[in-house]
Amino acid sequence: MAYYIDGFPGRKIKIHGKNHLYFGGTSYLGLQTDKNFQDLFINNIRKYGTNYGASRKSNVRISVYGKAETLLANIVGSDAALSMSSGYLAGQFIAQNFNKPGYKLFYAPNTHSALYNNYNKPYPDFKTLNHAITEHLDLKDDIVPVLFLDSIDFNGYNYPEFKELSNLPLDKIILIVDDSHGIGIIGENGGGVFRTLQKFNAKELIICCSLGKGYGIQGGAVLGSSERMKQLSGTAFFGGASPAAPSGMATFIEAQSIYASKRSQLYRNMAYFEQSIDQIDFFHHLNGHPTYTFSSPEMADYIEKRGFILTNFKYPVESSSVMSRVVLGSHHSLKDIEGLCKCINAFL
């Protein structure tokens, strides 16, 4: 069931006139309702305006983009970065760049639709994927395989160990990873998975991501080698698209201390939740990530009737299975989490 609300879903949301605690969504650091973060954003709106609709190739250019991209690349560990107006656009940008002769596209299980071209479908499992890539290289080794996957797929195939990648001939594969649910949250200083994936020595490694989930700004990014970012920045796709709002990019630069503080609070909240649940193995959980997935419509209903709203809907399309998930955020108090844990323990 969908609920319509009249404000951002922070700690609390009002359903049918009654307040509920909200443990869903993707606001992992709780930035959208944080006053200090909002103050930075509002000041930057006054400086840069509410929107910027010009091309990055215009003869008049705003310098904050280059500064923000350099900072983001340093945090992630890549040579360079390009920002765009959304994570979905960043995914389509990189996918379309390789949808041409000379490349063959492959999709790992559970890859997000932001990376699809036309009617691509992910392989059902890594064994089938490995066989397909190996067969392709045996027959057409002059056409470079490009493998797309999500870093956080919520099923444990990839992050944190990416075990299945060890079985692939990555030295012959361009690896493109959507790190939307990881960047800003996991890794050193919130740098995501780039440094981890570098150790697999792929032919080329490219990261794309949303900046909204971890960093609380409307935008997306692509990260990789300087040569690849130079090539991408010269495309009509990049030149023709309006960029992310400069106010958001400036806020990203100025909010680094807020991000660090919020991450620390998030880690404390995760530790408290995991210690307080009697049967933590009931949940499918990726170590270091603030999401706890489960398959029990009965528990979702039980919890909701007692004043807690979780992520609980069919995703990404109506024919998909129901996705039920507890999502912790930095904005949750220990009292909030305690109440939820007591409710879960009572059901279990």
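Let me begin with Pro160, which is placed in the loop between β5 (144-150) and β6 (174-178), where strands (E, at least two residues) and helices (H or I, at least four residues) are DSSP runs numbered from the N terminus. This is a predicted model, in which local features need pLDDT of at least 70 and side-chain atom pairs count only at pLDDT 80 or more, while totals for chains, interfaces and linings use all residues. Residues are numbered from 1 along each chain as its sequence is written, and side-chain values use heavy atoms, with hydrogens and water left out.

The peptide bond that runs from Tyr159 to Pro160 is cis, with omega near 10 degrees. As background, most peptide bonds are trans, and most residues other than glycine have a negative phi.

Turning to the helices, α2 (residues 64-76) packs with α9 (residues 246-254) at an angle of about 45 degrees, their axes being 9 Å apart; axes here are lines fitted to C-alpha atoms, for helices over the stretch in contact, and angles run from 0 to 180 degrees between N-to-C directions. The two helices α2 and α9 are therefore oblique to each other, given that angles under 35 degrees count as roughly parallel, over 145 as roughly antiparallel, 65 to 115 as roughly perpendicular and the rest as oblique. On the α2 side, the residues in contact (heavy atoms within 4.5 Å) include Leu71, Leu72 and Ile75, and on the α9 side they include Met249, Phe252 and Ile253. By class, that contact of α2 with α9 has 11 nonpolar, no polar and 1 charged residues, where Ala, Val, Leu, Ile, Met, Phe, Trp, Tyr, Cys and Pro count as nonpolar, Asp, Glu, Lys and Arg as charged, and the others, Gly among them, as polar.

What is the angle at which α3 and α7 pack? Helix α3 (residues 87-97) and helix α7 (residues 226-233) pack at about 95 degrees, with axes 11 Å apart, and α3 and α7 are therefore roughly perpendicular to each other. Here Phe93, Ile94 and Asn97 in α3 meet Arg228, Gln231 and Leu232 in α7, a contact that divides into 3 nonpolar, 2 polar and 1 charged residues.
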